Amino acid sequence: MIRVQVDGAQPWVSGEALRRLMSQLEAAQGRLWDPKEDEGKKGWLTWPEEDHDGLWQEVEATATEIRSRADVAVVVGIGGSYLGARAMTAMLRPGSEISGSRGFPVVFAGYQLSEGELLRLMDDLDDREPALVVVSKSGSTLEPGAVFHLLRTNLERRYGHQARERIYVVTDPERGALREYAVEKGYRRLPIPPDIGGRYSVLTPVGMLPAAVAGIDIRRVLTGARRGWEECRRLDLWANPAILYAAARHLLYLQGWMVEALVTYEPRMADFSRWWQQLFGESQGKDGRGLFPAFLHYTTDLHSMGQFVQQGRRLLFETVLDVDGSSAPQPANGEPPDPRAVIPDDVDAASAYLAGKRLDDLQEAAMAAVMEAHREGGVPQLWIEAKGPGEELVGELVFFFEAACALGGYLLGVDPYDQPGVEAYKRKLKARLLSGPVAGA
Ligand SMILES: O=P(O)(O)OC[C@H]1O[C@](O)(CO)[C@@H](O)[C@@H]1O
C-alpha cells in the first residue's frame, strides 16, 4: 500500500492549487494510458499486467544455473542497467555483497571507470568462482563495455574456453553490438524488451535476473508491480498515489522550489534513492526544466547536511520515503525485542534518558522530530508511506515512481523517455579516445 501525504507541504500544495491543476492532471493521465501516445516507448506501462510466464521461468532457471556454477555473480552495467537491480538486492537482501553472509552474493561493476576498484574486485574474485551478468540495452555503452571485456579476459585466463559457461548477457533481443558478440560466443542471453527504455526496465530481466540470483522471489515482486499498476490506473487524484505525487512536486516546482531530496532512514534504501534519482533526473531534466533530484540518508546526513536543510538557501523540499518501519526482525506478539538492540541501564549520564529504549524507538522519534524541525525551518515535506511485505512493496514502489515520473514529464512538457543530453559527453569522450594516445604505448 502506497499513500502520499501533502499536509507537510502547505501552503504550496493546497487543495485549491490541486483543483486548479486538475484539467492538466487529467490530460497527463489520459496521455499516459492512451496506447497510441508515445507508442513504442511505454512497454513498461503494460508490462505488469501481461503474461510473461515463459520469460520468468527462463529467468529463474538461469538464476538457478548461475547459483550452481558460481559462488558470486558480478553484474556489469550502468544507469538503468544496474541501479534497479542494486536497489532491489540492497533493499531485500541487505548484506549480500561479496563479503556478506546473507543470500547469494551479487556485486556490481561497470558503472564507473576506476582502475583501482576493478583491480581490487579482480583480486577478490581470485579466490571465488564468479559468473558475469552483463546488462546493456544498447550494447554499446563505454563503461560496462570496457569492464566486461576486462573481466571476461580475466575469466578466460582462468577457465579457458569454459569461461563462456559463466557469462550471461541481458540485452536487446534484436540489435546491438553486445547481442552480436554474445551470439558469436554462444553466451546465454535474456532479452530487454525493445519498447522499454533503460531507466524503466527494472521489472524486466535487467533487474529480475540479478534479483533472482540473489534469492529474491521475483514472482512476488511482480505481484506488487501489478498492485501498483492497478492503483496508478485510477483517474482519481486522492486514490491514485502517482497522480498526487506528480501533482504535488509539480506545484512545488512551479512555485520556485528547485531541488527535491528523497529522504530515507534505512541504509538498505540508499540504493533505491539512486535508482529514483536516475529515473527522475534523466526523464525530466531537459529543455532547461525539471527539479534536481537529490537524496538524503537520515539520520546520517542530518549531521552533515541538516544545517543547510534547516537554515540554508530555501531551494529544497523533502520527500520522505517511509518504508514499512524497521529492517530488524520484529518480535512476535507479546515477545520482547531482541535485547541486543535495547540500550542498557548502566549508561553514562548524557545517555540516561535512552536507557530501556530500542534503536527502532530512537529512529521513530527521530523521524517525528525532523519533520517538526524542518517544517519550522520552512522546508516543504511530501510523505510517501509504503507498507507491505518487502518483495511486493519493491514492485509496487517501482511502478508507482515510474508512473509518477512519466506523468510529471507530461506536466512539465518534456519527453520522459529520451536522454539526448547524455550524448554530449559520450560524443566528446569517444572523440578523445579515437584520437588520443594509447596507454602504455
Ligand atoms: O543499458 P545501456 O544501453 O548500456 O545504457 C545504460 C544507461 O546509459 C544511459 O543511456 C545514459 O547514458 C541510460 O539511459 C541508461 O540507463
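**View 1. Residues around the ligand in the predicted model.** G79, G80, S138, T141 and G198 come nearest among the 14 residues around the ligand, where near means that the C-beta atom, placed from the backbone, lies within 6 Å of the molecule. The shell comprises three nonpolar, eight polar and three charged residues. Ala, Val, Leu, Ile, Met, Phe, Trp, Tyr, Cys and Pro count as nonpolar, Asp, Glu, Lys and Arg as charged, and the others, including Gly, as polar. Residue numbers start from 1 along each chain as its sequence is written. The model is predicted: local features need pLDDT of at least 70 and side-chain atom pairs count only at pLDDT 80 or more, whereas totals for chains, interfaces and linings use all residues.

**View 2. The parallel sheet.** Five strands in the order β3-β2-β4-β5-β6 make an open sheet with parallel pairing; two strands pair if DSSP finds at least two bridges between them. Helices (H or I, at least four residues) and strands (E, at least two) are DSSP runs numbered from the N terminus. The edges are β3 (106-109) and β6 (188-191), each pairing on one side only. On average, neighbouring strands of this sheet are turned by 20 degrees against each other, direction ignored. Four bridges join β2 (residues 72-76) to β3 in the parallel sense, and V75 stands opposite F108 in β3. Helix α3 (residues 53-69) lies across β2, β4 (130-136), β5 (167-171) and β6, at about 145 degrees to β6. Axes are lines fitted to C-alpha atoms, for helices over the stretch in contact, and angles run from 0 to 180 degrees between N-to-C directions. Residues are in contact if their C-beta atoms, placed from the backbone, lie within 7 Å.

**View 3. Packing of α9 on α14.** Helix α9 (residues 218-233) packs against helix α14 (residues 390-412) at an angle of about 40 degrees, with the axes 6 Å apart. The two helices are therefore oblique to each other; angles under 35 degrees count as roughly parallel, over 145 as roughly antiparallel, 65 to 115 as roughly perpendicular and the rest as oblique. Residues of α9 in the contact include L222, W229 and C232, and those of α14 include V398, F399 and F400. By class, this contact has 11 nonpolar, four polar and five charged residues.

**View 4. The mixed sheet.** A mixed open sheet has five strands in the order β1-β10-β9-β7-β8. Its edge strands, β1 (2-5) and β8 (292-297), each pair on one side only. β1 and β10 (residues 381-386) pair in the antiparallel sense over four bridges, with V4 opposite I384 in β10. Helix α14 lies across β1, β9 (316-323) and β10, running at about 50 degrees to β1.

Definitions and conventions:
Contact = placed C-beta atoms within 7 Å.
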